[in-house]
Amino acid sequence: MIEFKNVSKSFWTGTQRKVILDQASFRVDLGKSIGILAPNGTGKTTLINMMCGLEKPDEGEVVRSSRISFPLGFMGGIIQKHTAVENCRYIARLYGLDPDYIEAFCRYICDLEEYFDMPLATYSQGMRQRFSLALLLSLEFDIYLIDEGMPNTTDPRFNEKAGSVLAERLNNGTVVIVSHDPEVIQKFCRSAAVLRDGKLLMFDTLAEAQSVYNYALQNDTGLSFTQPG
């Protein structure tokens, strides 16, 4: 479970205060995947980072009582000057897992051959993406966080192997995905929320959320959200 209790978050842009959340309270329960619709520039990445603890709220409290993933594609914690082997074993120890298993799993998924024993600083962007996703898939979580869309590479063999494992993880876990595109959310979630002007309004169905989201975009107006009784 993830619960936000009266959480506020904002940034100073240099000219004005950008409000991400304003006294927002909501929760994500296990077994109830949810999508969050938000226009670009409203703080989707910040919200996801707050869920997993990468960013702190200005006010309020974020409570976590489950194993929560770092955002898919996130490269934090990976040391570029170390090899994939060293990074795998380091992350395994942090999570209290078997380093041999994590290394073997990532070797199989990545299929980087001799590069697996070379520093990540020598990798291309695509190779780093493959390693990052493989490392995430080697760790099983209760809640998976996705920012915008699924990470993808140009390697069809990797996409096939990683995709089958990812589908299994997401089917058995709970997904939180933030996106500006309802079609992306529809692939994983049946309920959704809308984030706009620092307010988060929860809906039972994606159709309801999409209706409010589309209205706000078409009229280019802020919304005064009140939670339905």
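Leu217 is partly exposed, with a relative accessible area of 41%, where partly exposed denotes the range between buried (under 20% relative accessible area) and exposed (over 50%), computed with a 1.4 Å probe on protein chains only. The structure is a predicted model, in which local features need pLDDT of at least 70 and side-chain atom pairs count only at pLDDT 80 or more, while totals for chains, interfaces and linings use all residues. Residues are numbered from 1 along each chain as its sequence is written, and side-chain values use heavy atoms, with hydrogens and water left out.

Leu217 belongs to helix H7, which covers residues 206-219; helices (H or I, at least four residues) and strands (E, at least two) are DSSP runs numbered from the N terminus. When neighbours within four places in sequence are left aside, Leu217 is in contact with Pro39 and Arg196, contact meaning heavy atoms within 4.5 Å. Between the C-alpha atoms of Leu217 and Cys88, which are 129 residues apart along the chain, the separation is 43 Å.

Helix H7 lies across strand E3 (34-37), E7 and E8, and runs at about 20° to E7; axes are lines fitted to C-alpha atoms, for helices over the stretch in contact, and angles run from 0 to 180 degrees between N-to-C directions. An open sheet of five strands has the order E5-E6-E3-E7-E8, and its pairing is mixed, two strands being paired if DSSP finds at least two bridges between them. The edges are formed by strand E5 (143-147) and strand E8 (199-203), each of which has a single partner strand, so that one side of each is left without a neighbour in the sheet. On average, and with direction ignored, neighbouring strands of this sheet are turned by 15° against each other. Strand E7 (residues 191-196) pairs with E8 in the antiparallel sense over five bridges, and Ala193 stands opposite Met202 in E8.

The nonpolar interior was examined next. In soluble globular proteins, nonpolar side chains tend to be buried together. A nonpolar core is defined here as a set of buried Ala, Val, Leu, Ile, Met, Phe, Trp, Tyr and Cys residues joined through side-chain atoms within 4.5 Å. The largest such core has 46 residues, of which Phe116, Phe131, Leu135 and Leu137 touch the most other members. Helix H4 gives the most to this core, with seven residues. Beyond its neighbours within four places in sequence, Leu135 is in contact with Ile78, Cys88, Ile91, Ile102 and Cys106.

Seven aromatic pairs are found in a search of the whole structure, with rings of Phe, Tyr and Trp (its six-membered ring) taken to pair if their centres lie within 6.5 Å, and with planes under 30 degrees apart counted as stacked, over 60 as edge-to-face and the rest as tilted. Phe70 and Phe141 form an edge-to-face pair, at 6.1 Å centre to centre and with 80° between the planes. Because Phe70 lies in the loop between strand E4 (59-64) and H2, and Phe141 in the loop between H4 and E5, the pair ties together parts that are 71 residues apart in sequence. Both Phe70 and Phe141 are buried. The rings of Phe116 and Phe131 have their centres 6.1 Å apart and their planes at 75°, so this pair is likewise edge-to-face. Phe116 is in the loop between H3 and H4, and Phe131 is in helix H4, 15 residues apart. Phe116 counts as buried at 1% relative accessibility, and Phe131 is buried with a relative accessible area of 0%. Ring pairs also link Phe70, Tyr95, Phe141 and Tyr144 into a cluster.

Charged side chains were treated separately. A salt bridge is a side-chain nitrogen of Lys or Arg within 4 Å of a carboxyl oxygen of Asp or Glu, and by this rule the count comes to nine. Glu103 forms a salt bridge with Arg89, in which the closest N and O atoms are 2.8 Å apart. Glu103 lies in helix H3 (residues 99-110) and Arg89 in helix H2 (residues 84-94), so the pair ties together parts that are 14 residues apart in sequence. Glu103 is buried, with a relative accessible area of 15%, whereas Arg89 is partly exposed at 22%. Arg89 and Glu103 are also linked with Asp100, Arg107 and Asp117 in a network of salt bridges.
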